[in-house]
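Here is a short report on the structure shown below.

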Amino acid sequence: MAEDLTIMTEASKEEKYQSLIPQIKGLIYEEQNLVANLANISAALKEAMGFFWVGFYLVDSEDELVLGPFQGPVACTRIKKGKGVCGSSWQRDKVLIVPNVDEFPGHIACASASKSEIVLPLKKHGKIIGVLDVDSDKLSDFDEVDQLYLQKILDLLP
Ligand code: SME
């Protein structure tokens with residue numbers, strides 16, 4: 001298949017996600033390798049949605065996440081369970097939407113330009129295997145629309 005994405009520039013956030021989802025489905029269809037699929041999901045989200053930073057932290061041990069495939073500026077390599085937004089989402093098994101990262105106790109500032117953030121647990125067979133982290137350089141940039149469509153994208157993973 002062709003690997004070029006069709007990008008909607010003059011569209012609402014919802015329309016962009018709706019156009020992207022079947023394309024991501026095509027990209028990861030029949031590929032079982034997790035790293036390859038997470039890499040393409042990160043690249044597709046960065047390109048289509050214009051996110052400042054988007055990527056995955058993967059469970060590396062009982063109490064630590066390690067940086068996985070991502071797009072954006074270089075980031076912290078390891079995050080302890082319960083630490084920062086990513087470690088908290090993992091520990092609480094909960095989607096976290098943070099409108100202002102400076103107001104989140106223990107937020108880990110990988111990039112000073114990051115202002116708001118959404119983190120979703122990534123599960124396989126009901127078990128958390130990592131998190132999807134998206135950062136914006138604007139305040140209050142994420143809402144339930146992002147949660148809904150980012151979850152749909154994670155649910156596409158085989
Ligand atoms: N801000 C995150 C750390 C990861 S970076 O944003 C890429 C956190 O508090 O968990």
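Is S140 buried or exposed? S140 counts as exposed because its relative accessibility is 52%. Exposed means over 50% relative accessible area, buried under 20%, and partly exposed in between, with a 1.4 Å probe and protein chains only.

This is a predicted model, in which local features need pLDDT of at least 70, side-chain atom pairs count only at pLDDT 80 or more, and totals for chains, interfaces and linings use all residues. Residues are numbered from 1 along each chain as its sequence is written, and side-chain values use heavy atoms, with hydrogens and water left out.

**The ligand site**

The ligand is surrounded by 13 residues. The closest are V85, C86, I108, E117 and D135. A residue counts as near when one of its heavy atoms lies within 4 Å of the molecule. The largest share of this shell comes from α3, with three residues. β1, α3 and β6 each supply at least two. Helices (H or I, at least four residues) and strands (E, at least two) are DSSP runs, numbered from the N terminus.

| Residue | Protein atom | Ligand atom | Distance |
|---|---|---|---|
| C86 | polar backbone atom | oxygen | 2.8 Å |
| I108 | polar backbone atom | nitrogen | 2.7 Å |
| D135 | polar side-chain atom | oxygen | 2.6 Å |

On its own the ligand has 300 Å² of accessible area, and the protein covers 99% of it. Accessible areas come from the Shrake-Rupley method with a 1.4 Å probe; for residues, only the protein chains shown count as cover. The largest cavity is the space taken by the ligand. A cavity is a set of points, on a 1 Å grid over the protein atoms alone, where a 1.4 Å probe fits but cannot get out. A molecule sits in one if more than half of its atoms lie within 2 Å of its grid points.

**Helix α3**

D93 follows α3, and its phi is positive, near 50°.

F104 lies in the loop between β4 and β5. F104 counts as buried because its relative accessibility is 14%. Apart from residues up to four places away in sequence, F104 touches G84, V85, S88, L96 and V98. Contact means heavy atoms within 4.5 Å. From F104 to L67 the C-alpha distance is 21 Å, at 37 residues apart in sequence.

K115 is in the loop between β4 and β5. K115 is partly exposed, with a relative accessible area of 33%. Beyond four places in sequence, K115 touches P99, N100, V101, S136, D137, K138 and L139.

S42 belongs to helix α2 (residues 34-49). With 0% relative accessibility, S42 counts as buried. Its side chain reaches the backbone oxygen of L38 at 2.8 Å. Neighbours within four places aside, S42 is in contact with V54, G55, F56, P69, F70 and Q71.

F56 is in strand β1. Its relative accessible area is 0%, so F56 is buried. The C-alpha atoms of F56 and L38 are 7.3 Å apart, across 18 residues of chain. Contacts of F56 outside four places in sequence include L38, I41, S42, V66, L67, L122 and L154.

**Positive phi in loops**

Most residues other than glycine have a negative phi. E30 has a positive one, near 70°. E30 sits in the loop between α1 (13-28) and α2. At 67% relative accessibility, E30 counts as exposed. S140 also has a positive phi, about 50°, and is not a glycine. S140 lies in the loop between β6 and α4 (144-155).

Technical notes
A polar contact is a pair of N or O atoms within 3.5 Å; within protein, one must be able to donate a hydrogen and the other to accept it, and residues adjacent in sequence count only if both atoms are side-chain atoms. On a 1 Å grid over the protein atoms alone, a cavity is a set of points where a 1.4 Å probe fits but cannot get out, and a pocket is an open set with protein on both sides within 12 Å along at least five of seven lines; lining residues have an atom within 4 Å of a point.
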